[in-house]
Amino acid sequence: MSESIKAEVVIVGAGPAGLCAATGPVVASRSVVLIDDNPRPGGQIWRAEKGRTEDLAGRMIHKLSEHENFRRMPGTHVFGIDGNSLLCESPGGDVRVEFEKLIIATGARELLLPFPGWTLPNVFGAGGLQALVKGGLDVSGKRIVIAGTGPLLLAVAYYLRSKGANVVLIAEQAPRSRILRFGLGLWRSPLKLVEAVWYSAKLLTTRSVYDSYVVRAEGDERLRSVTVRIGAKTETIECDMLGVGFHLVPNTELAELLGCEIRNGAVVVDEFQRTTVENVWCAGEPTGISGLESSLLEGTIAGSSAMGAPDSGRFLRRNRRIRRIADRMNRCYELREELRRLADNATIVCRCEDATFGEMSKFDGFRAAKLQTRCGMGACRGRICGSASRFLFGWEADSARPPIFPVRVSSLAGED
Ligand SMILES: Cc1cc2nc3c(=O)[nH]c(=O)nc-3n(C[C@H](O)[C@H](O)[C@H](O)COP(=O)(O)OP(=O)(O)OC[C@H]3O[C@@H](n4cnc5c(N)ncnc54)[C@H](O)[C@@H]3O)c2cc1C
């Protein structure tokens with residue numbers, strides 16, 4: 001190991017949850033290290049646009065950095081653990097970070113499901129496309145279809161339009177009646193209701209369809225059109241790009257390595273965000289998908305709890321309420337059966353190793369399929385095909401194993 005660091009509180013993830021988790025301990029003069037694999041702070045929702053320096057996450061980091069007891073490690077992957085130490089790969093080399101208390105705030109990723117043509121160039125995850133545009137991809141004048149499920153589709157469509165894209169269709173797989181019912185139930189959460197109405201009003205002139213999903217993407221060296229099932233009909237739409245995402249999957253790999261209990265794909269925590277492993281807390285999307293506000297609250301609660309000053313009941317009550325809304329939202333956007341049948345035998349499921357649906361469906365579990373087809377053994381470490389297989393075949397993904405991210409051989413050798 002080229003460098004060794006020690007801190008009382010170590011936080012993995014500099015999204016909203018991680019930034020809030022850091023604040024309490026830093027202000028209380030505890031030594032804090034904040035690790036994130038992105039060069040800039042903010043995680044997914046606060047991801048800064050290229051060239052923009054004055055953003056909220058940047059300002060929070062600036063404030064934290066005024067304290068000598070705070071250290072930030074941007075561009076650093078946590079790829080493994082060794083007792084109470086995180087094994088990391090940073091731009092300067094491999095680093096071992098020893099913690100007394102650890103807060104996991106590793107966020108979520110998109111659920112991507114295979115359908116014929118989903119590996120064509122210019123087919124993206126919906127949130128992934130938004131991230132690329134924030135990073136500088138020019139979409140002005142491009143005809144874009146946004147499809148899949150969940151409120152993220154609206155946020156992405158609105159953002160792309162604000163960057164000059166021509167969003168020709170938003171295809172939501174959930175039925176409209178179910179979404180309306182969920183929306184009406186938001187009257188007790190005025191902020192969420194206002195947000196939902198605001199997006200709907202802003203996207204009023206964009207064609208939106210419900211009960212609808214992409215069945216095929218067509219093209220040659222790049223995407224030319226998508227075929228969408230809209231209710232009982234099928235329609236082919238010419239477009240330049242497709243952004244498609246089926247809601248989010250918690251990033252639980254690090255918690256799994258530490259031995260934390262995982263239930264229904266999320267890290268189990270108590271109301272103070274304590275995991276089942278002593279001195280390990282978890283906040284935000286890894287504990288279940290419930291959006292920005294919950295990440296902010298849980299980060300704050302975890303930070304206070306980790307320094308032995310559990311939060312006042314106000315935050316806990318608010319978080320319980322948001323979690324209940326999130327449970328209803330997750331049920332509202334439950335995936336329809338037809339999505340399990342979109343892939344044909346030639347459709348690639350594991351795009352790192354080119355394992356197809358036909359090859360994988362011969363097996364009765366992810367491990368057996370992995371041994372024979374190499375699915376899940378590529379660069380993404382099964383993050384994409386593992387989650388897809390869970391939905392397609394009902395398989396439990398293999399348990400996480402180090403390295404949870406691809407790393408240089410020298411980083412692994414450093415560990416020896
Ligand atoms: C692609 C995408 C786009 C999204 N866009 C929106 C949006 O526009 N609007 C909206 O309301 N919600 C959006 N969301 C939902 C979003 O996840 C939450 O609203 C919010 O960002 C959650 O905050 P968080 O702190 O829990 O996690 P995140 O913001 O995801 O932060 C987690 C951070 O941890 C880092 N990390 C993870 N594992 C490691 C590791 N092993 N080592 C080092 N760093 C690690 C990640 O890179 C990330 O920076 C998006 C989600 C995704 C996946």
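How do H1 and H2 lie relative to each other: roughly parallel or roughly perpendicular? Keep that in mind while we look around this model, which is a predicted one.

Let's start with that pair. Helix H1 covers residues 16-27 and helix H2 covers residues 56-65; their axes sit 11 Å apart, at an angle of about 20°. Angles under 35 degrees count as roughly parallel, so H1 and H2 are roughly parallel to each other. Their crossing is left-handed. On the H1 side, the contact uses Leu-19, Cys-20, Ala-22, Thr-23 and Val-26, while H2 brings in Ala-57, Met-60, Ile-61 and Leu-64. Sorted by class, that gives eight nonpolar residues, one polar and no charged.

Next up are H4 and H6. Helix H4 runs over residues 152-162 and helix H6 over residues 190-202, and the two pack at about 45° with 10 Å between their axes. H4 and H6 are therefore oblique to each other. The crossing of H4 and H6 is left-handed. Here Leu-154, Ala-155, Tyr-158 and Arg-161 of H4 touch Trp-198, Tyr-199 and Lys-202 of H6. Five of the residues in this contact are nonpolar, none are polar and two are charged.

Helix H8 spans residues 291-306 and helix H9 spans residues 313-332; their axes come within 10 Å and cross at roughly 145°. This crossing is left-handed. From H8, the residues involved are Glu-293, Ser-294, Leu-297, Glu-298, Thr-300 and Ile-301, and they meet Phe-315, Leu-316, Arg-318, Asn-319, Ile-322 and Arg-323 in H9.

Now for the ligand. There are 29 residues around it, and the ones that come nearest are Ala-17, Asp-36, Asp-37, Gln-44 and Ser-295. Some atom pairs between protein and ligand are laid out here:

| Residue | Protein atom | Ligand atom | Distance |
|---|---|---|---|
| Pro-16 | backbone N or O | oxygen | 3.2 Å |
| Asp-36 | polar side-chain atom | oxygen | 2.8 Å |
| Val-78 | backbone N or O | nitrogen | 3.0 Å |

Conventions. Residues numbered from 1 in each chain as written. Predicted model: local features only at pLDDT ≥ 70, side-chain atom pairs only at ≥ 80, totals over all residues. Heavy atoms only, no water. Axes fitted to C-alpha atoms, helices over the stretch in contact; angles between N-to-C directions. Helix = DSSP H or I, 4+ residues; strand = E, 2+ residues; numbered from the N terminus. Left-handed = near helix turned anticlockwise from the far one by under 90°. Contact = heavy atoms within 4.5 Å. Parallel < 35°, antiparallel > 145°, perpendicular 65-115°, else oblique. Nonpolar A, V, L, I, M, F, W, Y, C, P; charged D, E, K, R; others polar. Near = heavy atom within 4 Å. Polar contact = N/O pair within 3.5 Å; in protein donor to acceptor, adjacent residues only side chain to side chain.
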